[in-house]
Each structure stands twice: as C-alpha cells, then as structure tokens.
Amino acid sequence: IRMISFCVNGERESRSACSVLELLAKKQLAPERVVVELNGAIVKRPQWGETMLREGDALEIVCFVGGG
C-alpha cells in the first residue's frame with residue numbers, strides 16, 4: 001500500500017492513496033453535507049469517486065451545519 005502526504009484544512013496527513021470519496025468515508029463525513037476544494041478548485045460531487053488524492057495535494061473540506 002502506497003502512503004501519500006497531503007493537507008486537509010491546513011493539517012498535514014499521511015494515508016494510503018485514496019479517492020476524495022474514500023477520504024470522506026474514512027473521516028465519517030456525510031457527502032451530502034460537505035463541499036470539497038482540491039488545490040484551489042471545487043470538485044463536483046459526481047467526480048469524488050474518481051478523483052484520486054496525490055502527494056502534496058491541498059484539500060479544504062467545508063461542512064454545512066443545520067440549525068435554527
């Protein structure tokens with residue numbers, strides 16, 4: 001298994017290579033409640049499963065919180 005290093009919301013992480021969708025699952029984040037930016041560009045939800053993370057990538061994951 002190949003390990004890669006990347007940043008998520010400014011924090012460096014090392015994990016086995018995975019897709020955006022797999023990373024969200026590992027972090028137990030509900031896909032319908034987040035927006036993902038990869039290296040400065042929004043990744044559209046249908047592309048998450050095929051968008052593989054690479055060494056040095058920078059992700060921003062924004063979670064929506066409901067309330068009232």
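## Surface and burial

Accessible areas come from the Shrake-Rupley method with a 1.4 Å probe, and for residues only the protein chains shown count as cover. By this method the accessible surface of the chain is about 4,500 Å², and carbon and sulfur atoms hold 52% of that surface.

This is a predicted model, in which local features need pLDDT of at least 70, side-chain atom pairs count only at pLDDT 80 or more, and totals for chains, interfaces and linings use all residues. Residues are numbered from 1 along each chain as its sequence is written, and side-chain values use heavy atoms, with hydrogens and water left out.

Of the 68 residues in the chain, 31% are buried (buried means under 20% relative accessible area, exposed over 50%, partly exposed in between, with a 1.4 Å probe and protein chains only).

## Fold

The chain contains 1 helix and 5 strands, in the order β-β-α-β-β-β along the sequence. Helices (H or I, at least four residues) and strands (E, at least two) are DSSP runs, numbered from the N terminus.

Contact means heavy atoms within 4.5 Å. Among contacts with a separation of 6 or more, 51% join residues 24 or more positions apart.

## Two loop asparagines

Asparagine 9 sits in the loop between β1 (3-8) and β2 (11-16). Its phi is near 50°, a positive value in a residue other than glycine. Asparagine 9 counts as partly exposed because its relative accessibility is 38%.

Asparagine 39 lies in the loop between β3 (34-38) and β4 (41-43). The phi of asparagine 39 is near 50°, also positive, and at 46% relative accessibility this residue counts as partly exposed.
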